[in-house]
There are 6 protein chains.
Amino acid sequence: MRPSGRHLDEMRSVSIETGVMKHAEGSCLIKVGSTQVLCSASVEDRTPPFLRNTGLGWVTAEYGMLPRATNTRNRREAALGKQGGRTVEIQRLIGRSLRAGVDRSALGERQITIDCDVLQADGGTRCAAITGGWIALRLAVNTLMKAGLITSDPIIGHVCAISCGIYAGQPVLDLDYSEDSAAGVDGNFVMLGDTKMIELQMSGESTVFGRGELNSMLDLAEKGVRELIAAQKAAL
Amino acid sequence: MRPSGRHLDEMRSVSIETGVMKHAEGSCLIKVGSTQVLCSASVEDRTPPFLRNTGLGWVTAEYGMLPRATNTRNRREAALGKQGGRTVEIQRLIGRSLRAGVDRSALGERQITIDCDVLQADGGTRCAAITGGWIALRLAVNTLMKAGLITSDPIIGHVCAISCGIYAGQPVLDLDYSEDSAAGVDGNFVMLGDTKMIELQMSGESTVFGRGELNSMLDLAEKGVRELIAAQKAAL
Amino acid sequence: MRPSGRHLDEMRSVSIETGVMKHAEGSCLIKVGSTQVLCSASVEDRTPPFLRNTGLGWVTAEYGMLPRATNTRNRREAALGKQGGRTVEIQRLIGRSLRAGVDRSALGERQITIDCDVLQADGGTRCAAITGGWIALRLAVNTLMKAGLITSDPIIGHVCAISCGIYAGQPVLDLDYSEDSAAGVDGNFVMLGDTKMIELQMSGESTVFGRGELNSMLDLAEKGVRELIAAQKAAL
Amino acid sequence: MRPSGRHLDEMRSVSIETGVMKHAEGSCLIKVGSTQVLCSASVEDRTPPFLRNTGLGWVTAEYGMLPRATNTRNRREAALGKQGGRTVEIQRLIGRSLRAGVDRSALGERQITIDCDVLQADGGTRCAAITGGWIALRLAVNTLMKAGLITSDPIIGHVCAISCGIYAGQPVLDLDYSEDSAAGVDGNFVMLGDTKMIELQMSGESTVFGRGELNSMLDLAEKGVRELIAAQKAAL
Amino acid sequence: MRPSGRHLDEMRSVSIETGVMKHAEGSCLIKVGSTQVLCSASVEDRTPPFLRNTGLGWVTAEYGMLPRATNTRNRREAALGKQGGRTVEIQRLIGRSLRAGVDRSALGERQITIDCDVLQADGGTRCAAITGGWIALRLAVNTLMKAGLITSDPIIGHVCAISCGIYAGQPVLDLDYSEDSAAGVDGNFVMLGDTKMIELQMSGESTVFGRGELNSMLDLAEKGVRELIAAQKAAL
Amino acid sequence: MRPSGRHLDEMRSVSIETGVMKHAEGSCLIKVGSTQVLCSASVEDRTPPFLRNTGLGWVTAEYGMLPRATNTRNRREAALGKQGGRTVEIQRLIGRSLRAGVDRSALGERQITIDCDVLQADGGTRCAAITGGWIALRLAVNTLMKAGLITSDPIIGHVCAISCGIYAGQPVLDLDYSEDSAAGVDGNFVMLGDTKMIELQMSGESTVFGRGELNSMLDLAEKGVRELIAAQKAAL
């Protein structure tokens, strides 16, 4: 029934290659099916002004998409002179999600910026960015710990994200672009470990949904997150 | 336990005054406690380019906040030269939510822009904007129908939104600012009628949540939405 | 002769409601006929850089108009990414006008920002903004004096503004939109007390004017300003 | 008493050199004392959208100042990414002033853009821009008439502008920078011919003024305008 | 003598992987040592306005760099709201260079946009972008020819680019970042085939150069270009 | 053969008038044929942040063109809200070129900004800007030395620039606009003294060039530079 022939609860293949950017304190290239996101973590010894002298650190994220990551070329945001609404919304989500998995007190007064740049898009880029961004963050924290700059691990647990939706009337896991553009309901589930939710964003532009559908999608999401955590562990 | 002395499942008082902007096709001033949002609907006889010759209409929204709607003055976005990420995120949410309650084919090739300007903020501005924005939309559609420009009512049902969260460890309905800024989990529930969900956005920056909390908040949200629909009906 | 049936020297009804924004140090909603402007004063303990260590304070203003304050919707300046020329011109006028009524030495090194947001426009918005902005300023200064932060009153006198013009060949007081858009000459008179001028801006795009017309309009303006001062006094 | 030793009613020397920009349809370099403004007129065969098919033409103006036209270098507006409030205000004044001297029906559906660029500033740049801009406009219209594109002269009369102010308690004509920065009242008088007013902008940031001062300044302005018209005639 | 141990006339290893972006009409990932640039070609059936109805096509380029492509993180241009001077300069160079290798008449009225995004930077990114961008262009033209949309090959010859400089007093080929940042003279040579020059940009910020050095660098550049052409041929 | 009737190796007449801007520390108006560029030097007692406490000074440049400097009016960059790519490229070139002729250690921690504004354009504006900008720089340094602020002359030698190109198949010196727009190859040669090169930028958009043409153009450039140095010496 799905365009890709996948089962309703079947994720696309996930691969995470670490250490792909030699300058970054942590980096990976995550591929979820044809979706490819390059994630890097950059550490700075200063925090935003509102955190000065609080002893707390900060994790933030920026998201971008190469102009031809998609089927037709999108105009380059740098040339347009501003980030679009979708970009802003996604990078705020990535930042909030990753911060939820960090003990900012243990991190200390430093900032880690996670850059997530989509090289190729086929649905699920924000979820891949969160899952891959966490790997970059984890590796950057490892770098700080190896250098003795942090003594207690600020990483609380695995953070990853997966989309679920109602496609052709059925709850499905991990929508690709052809499903995403036709889905009645589309949701993104960000979890800490495999059962605790950090963010839940569900949207039904062409239809509505009830508690039954919500629970079905949560079941799928938990399955997907378990597989993503396994992929994260394998990559590290 | 709540700063306002409200019960856990008690909303703030809601008032909706219609027809407050003489130029707009539909308008209202919605007050939810101390939060005040002025909503207007503007009808244009043309749609965005991507809908030309499709027979479908469009509903979109813009959101703003007066600089001194808040406790300390925020810089004016027009003077800064761009809308902030929060603004963009909220106006996209309002637009998606209201579109979900409209049969765009029955609306025909016209655009209705809902402007939601926060005159005073005390938590829950995006929810008040959706609830009030729907009133402005409903009134503008009434105007079009009275003028004979639309023959079949494109409004599918009431759209309204309410926030719920976990405050001091307890699920509470309709967070005000003092609760919102201290809440562990914060969610916005947009519904069509009183049981079907359009959008669900839950975020746990300082904690995480499980299915139990999600269900408790859904119960509260459904109660709140029933009261908001009653307020909408009373206003019309 | 006037579209509203008013006498040549008759102002529209003026109402000023104070204390309408709970967060601001001073605020009012001024209505001049159908024109409605929400004015707030925000106090900060710092001045612009060019006044540091001079002992002088600063009063500045920002002006905005809700997109549907007018008959047809204007694009939102925050979304356009810049304030239009008209907006900039008006907010500079408001700022200069209010500063002229303040002893900046008595104010001390603090800044008061007056935000004037037009909720509904029917001509004369800049004049209403000055008249209402002065009320917000007066109330904010009262707040500072009650708190003992200022000992000597920095307010020199009432500042208010009124438009006069040549409409259908006759000098008229307080133009509404239907008159303003058809007027040959259009002027704004800002006064300190009821006879001293702070700013005088007269413009004749479709005609010219001589000293006779100027004097007639000054007579009208002085009458209008006396009435506005009375309204300001009543509101306080 | 004046820093320059001039009499109270004495203008600075005025020179207008025409034809200084070989590409423009009309141009001049106007010098008023040390103030130097290069003015050009550019003709286009199209009008702004709001005038299409009205038979009416348009005259508009843009104003700029070289970064080192002033005593200390100002940042270049093109590099800052926007025109400042003062620039916008001035170019709107120039445009309105010149339009008032044109029969836009006789001009026909074309646009003339007057660029006024200040090469050196010593007070009175907006007045010099109007006076010189009119010369560029006059020359461009002559070009159009010689080419047979316009048959009836659309120029109604001379447009020129002069500043007056209250300096050291005395009304003075044509303020230079040292006077302007110390003046209690500062006004710009734009006239069509030597007695009819187009625009009158008076501002008293550090003091106020009454009808007596206004009349004294008007007397001075009329004298100045007579001299400027003579200079314009001599230049043509 | 070189930090990398390379001979004076020795290039870094070059690899070009084609077809790496599934949506683009042509694409490659070019690696020159540690420098990595992802290049894509996007075909549109319309040209810029200045070429309408001329029968000529257009080739243009945009250049970007991921924030953490470099040793310390650069701010994202999309977030800053504009492309920096260096970016603009480079993308103009890439566009001019590639256009020089195309018969725009044979291309017909269509535009090909070459996006060059630096994933990792270690000197020579603009040269790698030109060399890789040509591959993307070549592949996109092949796509058009296979589809029968173009009948005569518009590609005139291989375009590639290499840097040469004076490092530690010696002419060297293909500077990496450590050399580039210390070089007295730095030049980029863009060639069509292996002896004809399209662009030559030499800059000596910390020193000057004479004809002797210029000729030595030209000798090196020709050697480098021969090797790049071989790499391009191998990749196709 | 040349449109102007000049010999292949004949420059246009060059005039340099110094001291034309009374506020600037150094200034000149340079005319090369019909091309006119107004150049000023502004001295500030601070350097960009990256040079703080290094003992080194900075020389930078900004370039602009009046809207009607050209045959058809260009839109004003300040009104467009950004500097175009060509402007950015040119001002970076001017800055690099002038810095190459300065001992920044002798200059000390101060910044000199060279503003080059094209009043009239007829080809070769960037070269005229460099040649004239150097005069402004030289005069500003003289001012600093006379004031005893600099004791050792930081000016290393004359910096000037000339264009050469292949026009109608022949190498020509100092292209005017009619030649420039038709030239197959166009190059700018920036020199320190009359034989040492600082920058060399050659571009062949409609053709390519070999070493023979390059050498012919270098011969012409050296002749031109000798004449420009003579003009600079005469002006000082």
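This is a predicted model: local features need pLDDT of at least 70, side-chain atom pairs count only at pLDDT 80 or more; totals for chains, interfaces and linings use all residues.
Two strands pair if DSSP finds at least two bridges between them, and strands and helices here are DSSP runs (E over at least two residues for strands, H or I over at least four for helices), numbered from the N terminus.

Residues are numbered from 1 along each chain as its sequence is written, chains are lettered from A and ligands numbered from 1 in the order in which they are written, and side-chain values use heavy atoms, with hydrogens and water left out.

Let's start with chain F. Strand S9(E) pairs with strand S9 (residues 196–203) of chain F in the antiparallel sense, over five bridges. Pick out Leu200(E) and you'll find its bridge partner in S9(F), Met202(F).

Now zoom out to the whole contact (heavy atoms within 4.5 Å). Here 30 residues of chain E meet 30 residues of chain F. About 2,800 Å² is buried between these chains, 48% of it on carbon and sulfur atoms; buried area is the accessible area (1.4 Å probe) that two parts lose on being put together, summed over both.

A salt bridge puts a side-chain nitrogen of Lys or Arg within 4 Å of a carboxyl oxygen of Asp or Glu, and eight of them span the interface of chain E and chain F. One of them joins Arg211(E) to Glu222(F), with the closest N and O atoms 3.4 Å apart. On the chain E side, helix H2 (85–99), strand S9 (196–203) and helix H6 (211–235) each give two or more residues. S9(E) makes the largest share, with eight residues.

Next, turn to chain A. This contact takes 37 residues from chain E and 37 from chain A, and the area buried is about 2,800 Å², with 48% from carbon and sulfur atoms. Within chain E, His23(E), Arg68(E) and Arg76(E) lose the most area to chain A, together 27% of what that side buries.

Between chain E and chain A there are 13 salt bridges. Among them is Glu62(E) with Arg73(A), whose closest N and O atoms lie 3.1 Å apart. The chain E elements that give two or more residues to this side are strands S3 (35–44), S4 (58–65) and S5 (111–120), plus helix H1 (77–80). Of these residues, the largest share, six, comes from S5(E).
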